[in-house]
Amino acid sequence: MTGPIGRFWRRLHIGRNPLARTSDRVEAALLFVVMLGLLVAIPLALFAGSQTYGGQLAVSEEQRASRHLVTATLIEDAPTPVPATEGAFSTSGSAGVHATWTYNGGEPKTGIVAADPGATAGTTVPVWINEAGDPVPAPISSTDAATTGALAGIFAWLVTALVLTATYWITRFVLDRRRAARWEAEWAALGDRWARS
């Protein structure tokens with residue numbers, strides 16, 4: 001077996017090679033543990049992702065039960081886009097504008113809501129409100145919950161991979177330093193022996 005796969009296999013499986021040092025066997029065992037850890041981390045990452053997804057869905061249901069979508073009417077004009085540079089306009093998304101809406105069966109409420117730049121007074125915009133009638137962010141959607149769960153699972157696996165890989169490379173660095181020091185000591189002893197003969 002040749003190439004990168006062959007080198008990897010020889011590093012992982014030293015076998016009964018009489019030239020293999022204890023440090024080589026330690027390195028091979030650690031590499032095996034790292035590979036095994038990366039495989040074991042996959043179901044653990046899936047579990048973390050599914051737990052996060054379930055938690056986000058619970059939060060989403062709670063938010064949908066306590067938040068309501070109403071229609072607000074702007075009582076002032078939204079700021080118009082301002083030229084940022086020559087020929088270009090600032091696209092800052094939505095602007096905060098005073099608006100009025102009703103909640104709790106018709107009780108009026110006034111506050112600041114997000115509106116498109118340049119929207120005029122009298123324009124209606126959808127607004128999510130809480131039980132007190134105050135504007136709040138929209139409830140977490142099932143897509144957002146799925147995305148958060150997937151990202152949590154990927155992040156959990158990447159952190160595990162980073163820790164295992166760092167452990168392997170730090171250990172290999174230490175072993176390489178010891179092997180180099182041992183080689184140096186053996187060459188020095190051999191040089192002394194040659195000098196005496």
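Is Asn-104 buried or exposed? Hold that thought while I say what we're looking at. This is a predicted model, where local features need pLDDT of at least 70 and side-chain atom pairs count only at pLDDT 80 or more, while totals for chains, interfaces and linings use all residues. Residues are numbered from 1 along each chain as its sequence is written, and side-chain values use heavy atoms, with hydrogens and water left out.

Okay, back to Asn-104. With a relative accessible area of 61%, Asn-104 is exposed. For the cut-offs, buried is under 20% relative accessible area, exposed is over 50%, and partly exposed is in between, using a 1.4 Å probe and protein chains only. You'll find Asn-104 in the loop between E4 and E5. Its phi is near 55 degrees, a positive value in a residue other than glycine. Most residues other than glycine have a negative phi.

Now the whole chain. There are 3 helices and 6 strands, where helices (H or I, at least four residues) and strands (E, at least two) are DSSP runs numbered from the N terminus. Starting at the N terminus, the order is α-α-β-β-β-β-β-β-α. Of the 197 residues in the chain, 23% are buried. And if you take contacts (heavy atoms within 4.5 Å) between residues at least 6 apart in sequence, 63% of them join residues at least 24 apart.

Let's go inside. A nonpolar core here is a set of buried Ala, Val, Leu, Ile, Met, Phe, Trp, Tyr and Cys residues joined through side-chain atoms within 4.5 Å. The largest one has 14 residues, and Leu-74, Val-113, Ala-115, Val-125 and Val-127 have the most contacts inside it. Strands E1 (68-74), E4 (95-103), E5 (107-115) and E6 (124-129) each give two or more residues to this core, and E4 has the largest share, with 4 residues. Leaving out residues up to four places away in sequence, Val-113 touches a list of residues including Leu-74, Trp-101, Val-125 and Pro-135.

Apart from that core there's another, of 7 residues, and Leu-30, Val-34, Leu-38 and Leu-164 are among them. In soluble globular proteins, nonpolar side chains tend to be buried together.

Ser-60 counts as buried, at 5% relative accessibility. Again leaving out residues up to four places away in sequence, Ser-60 touches Pro-139 and Ile-140.

Tyr-168 is buried, at 6% relative accessibility, while Trp-169 is partly exposed, at 48%.

Last stop, the second largest pocket. On a 1 Å grid over the protein atoms alone, a pocket is an open set of points where a 1.4 Å probe fits, with protein on both sides within 12 Å along at least five of seven lines; lining residues have an atom within 4 Å of a point. Arg-21, Thr-22, Ser-23, Arg-178, Arg-179, Arg-182, Trp-183 and Glu-186 line this pocket. Helix H2 (22-66) and helix H3 (142-196) each give two or more residues to the lining, and H3 gives the most, with 5.
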